[in-house]
Amino acid sequence: MELRRVVVTGLGAVTPLGNNVPEYWDALLNGVSGAAEITRFDHSKFKTHFACEVKDFNPLDHFDRKEARKYDLFAKFGLVAAYQAVTDSKLDDESIDKERVGVIWASGIGGLETFAKEVGDYAKGDGTPRYNPFFIPKMIADITAGHISIKYGFQGPNFATVSACASSANAMADAFNYIRLGHADAFVVGGSEAAVNSPGVGGFNAMHAISTRNDDPKTGSRPFDKDRDGFVIGEGGAGLVFEEYEHAIARGATIYAEVAGAGLSADAFHMTSPHPEGHGAMLAMKWAMKDAGLELTQMDHINTHGTSTPLGDLAEPKAIVTLYGEHAYDISINSTKSMTGHLLGAAGAVEAIATILAVKNDIVPPTINHFETDPNIDQKLDFTFNIAKKRTIDVALSNTFGFGGHNASLIFKKNK
């Protein structure tokens, strides 16, 4: 069968760098770090005292008080990002066939703050169960997808994807496939996460996964730098509208880019560590290129997973060189996590927006906080260190990998 084309017609973002897409994009281009001292809880006894929190986000600017009590913070971030994307795309128009519009919304963890509060309150009590009736609906990872569909009346396929930090990339791959196979005309797709809380930070501290550079938080996230010591945990959400090309053209929608291909794989190696040679990452990129019908030499830009972890930042460049060969050195590579921190299940969607805007505007945001070269990383690669780079970008790829060995690569290209 002939596959239908899929394009991006709406964007929305609530991030540590700004609470809408223009603010987020401007901060990326200017190399702004979203890291600062944690304000959400008393971190004094924790190993890490900083994170990339969303700033100046007041839920009551978006929800009435009664409604706000029904949502965990991850759902609030998600609903606001989805609203921005739907508004941007004008997908809420009454002429839209809502039976043909779906929602796939990801979260790697879901309502962690709600879970911690409810269980903590019970543990401190006298043993009498006094759980909030909204405890379960606030906590479950799929609830944001449900809330978005209820808000807009979208009756197409509706679910959540959970694959740790690859969650929202998997959501986009699914939406892409549903549309091109003819099962829907459009999807609101993305992810949100709110794990800057005591169990989130404490759990990652126990794994030695996050940076403890407490004396200089803004340089804590150092992808591909010799002195990197772990990722900086972030929070927020991002939403996109994926739409069938002819459907978008017929209603005069603005098209940001075309979704060209998706590749998924598993490391089948270790619970948390990547394959040391990046084999799974290479496979995901390989399948994405094949899916898009592109030659390896057509790749212009890769937004890497680039978490600033000792092992991950070794494996991914190896995967890029293994797949792309000599052309790898002509690709502009970056890691926007150097600025946003790691938004866990929301990372794929947040970074997809950065990748799409790089294609649209022909500019690669920088990888900030590069101070010292790591001799174990191929230095012939162009990591776009510290300064944004103008160049023609017709094709770009965004990588997202998750604990459990989940790998997802998405390719976006100029709409022509």
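In this predicted model, cysteine 165 is buried, with a relative accessible area of 10%. Cysteine 165 takes part in no disulfide. The nearest cysteine sulfur belongs to cysteine 52 and is 14 Å away. Seen from cysteine 52, the closest cysteine sulfur is that of cysteine 165, and the 14 Å between them is too far for a bond. A disulfide is a covalent bond between the sulfur atoms of two cysteines. The cut-off for the sulfur pair is 2.5 Å. Cysteine 52 is also buried, at a relative accessible area of 2%. The structure as a whole holds zero disulfides.

Alanine 164 counts as partly exposed, at 22% relative accessibility. Asparagine 386 lies in the loop between strand S11 (363–364) and strand S12 (389–390). Its relative accessibility is 38%, so asparagine 386 counts as partly exposed. Another loop, between strand S6 (186–193) and helix H8 (198–206), holds alanine 195. Alanine 195 is buried, with a relative accessible area of 1%. The C-alpha atoms of alanine 195 and aspartate 88 are separated by 27 Å. Along the chain, alanine 195 and aspartate 88 are 107 residues apart.

Charge pairs were examined next. Side chains of opposite charge can pair when their charged atoms come close. The count comes to 19 salt bridges. One of them joins aspartate 185 to arginine 100, with the closest N and O atoms 3.1 Å apart. Aspartate 185 lies in the loop between H7 and S6, and arginine 100 in the loop between helix H3 (73–89) and strand S4 (101–106), so the pair ties together parts that are 85 residues apart in sequence. Aspartate 185 is buried, at a relative accessible area of 14%. Arginine 100 is partly exposed, at 25%.

A second salt bridge links aspartate 291 and arginine 180, where the closest N and O atoms are 2.9 Å apart. Aspartate 291 sits in helix H10 (residues 279–292) and arginine 180 in helix H7, so this pair ties together parts that are 111 residues apart in sequence. Aspartate 291 counts as partly exposed, at 28% relative accessibility. Arginine 180 counts as buried, at 10%.

Glutamate 243 forms a salt bridge with arginine 251. Here the closest N and O atoms are 2.6 Å apart. Glutamate 243 is buried, with a relative accessible area of 0%. Arginine 251 counts as partly exposed, at 25% relative accessibility. Shared partners also join Arg4, Arg100 and Asp185 into one network of salt bridges.

Charged side chains also meet aromatic rings. The charged end of arginine 5 sits over the ring of tyrosine 245, 4.0 Å from the ring centre. Likewise, the charged end of lysine 151 sits over the ring of tyrosine 152, at 5.5 Å from the centre.

Ring pairs form a further set of contacts. A pair of aromatic rings is described by the distance of the centres and the angle of the planes. A search of the whole structure finds 13 aromatic pairs. Among them is the pair of phenylalanine 41 and phenylalanine 46. Their geometry is edge-to-face, at 5.2 Å centre to centre and 70° between the planes. Phenylalanine 41 is buried, at a relative accessible area of 16%. Phenylalanine 46 counts as partly exposed, at 23%.

Phenylalanine 115 and phenylalanine 135 form a tilted pair, 6.1 Å centre to centre with 40° between the planes. This pair links distant parts of the chain, 20 residues apart. Phenylalanine 115 is in helix H4 and phenylalanine 135 in helix H5 (residues 135–139). Helix H4 covers residues 112–124. Phenylalanine 135 is buried, with a relative accessible area of 10%. Phenylalanine 115 is partly exposed, at 39%. Ring pairs extend the contact into a cluster of Phe115, Tyr122, Tyr131 and Phe135.

Together with Val119, Tyr122 and Tyr131, Phe115 makes a nonpolar surface patch of about 340 Å². The patch rule asks for over 30% relative accessible area. Phenylalanine 115 has 39%.

How values were computed:
Residues numbered from 1 in each chain as written. Predicted model: local features only at pLDDT ≥ 70, side-chain atom pairs only at ≥ 80, totals over all residues. Heavy atoms only, no water. Patch = residues over 30% accessible without salt bridge, like charges linked within 9 Å, V, L, I, M, F, W, Y side chains within 5 Å. Areas by Shrake-Rupley, 256 points an atom, 1.4 Å probe, with all protein chains shown as cover. Salt bridge = Lys/Arg side-chain N within 4 Å of Asp/Glu carboxyl O. Helix = DSSP H or I, 4+ residues; strand = E, 2+ residues; numbered from the N terminus. Buried < 20%, exposed > 50% of the residue type's maximum accessible area, 1.4 Å probe, protein only. Phe/Tyr/Trp six-rings, centres within 6.5 Å; stacked < 30°, edge-to-face > 60°. Lys NZ or Arg CZ within 6 Å of the ring centre and 35° of its normal.
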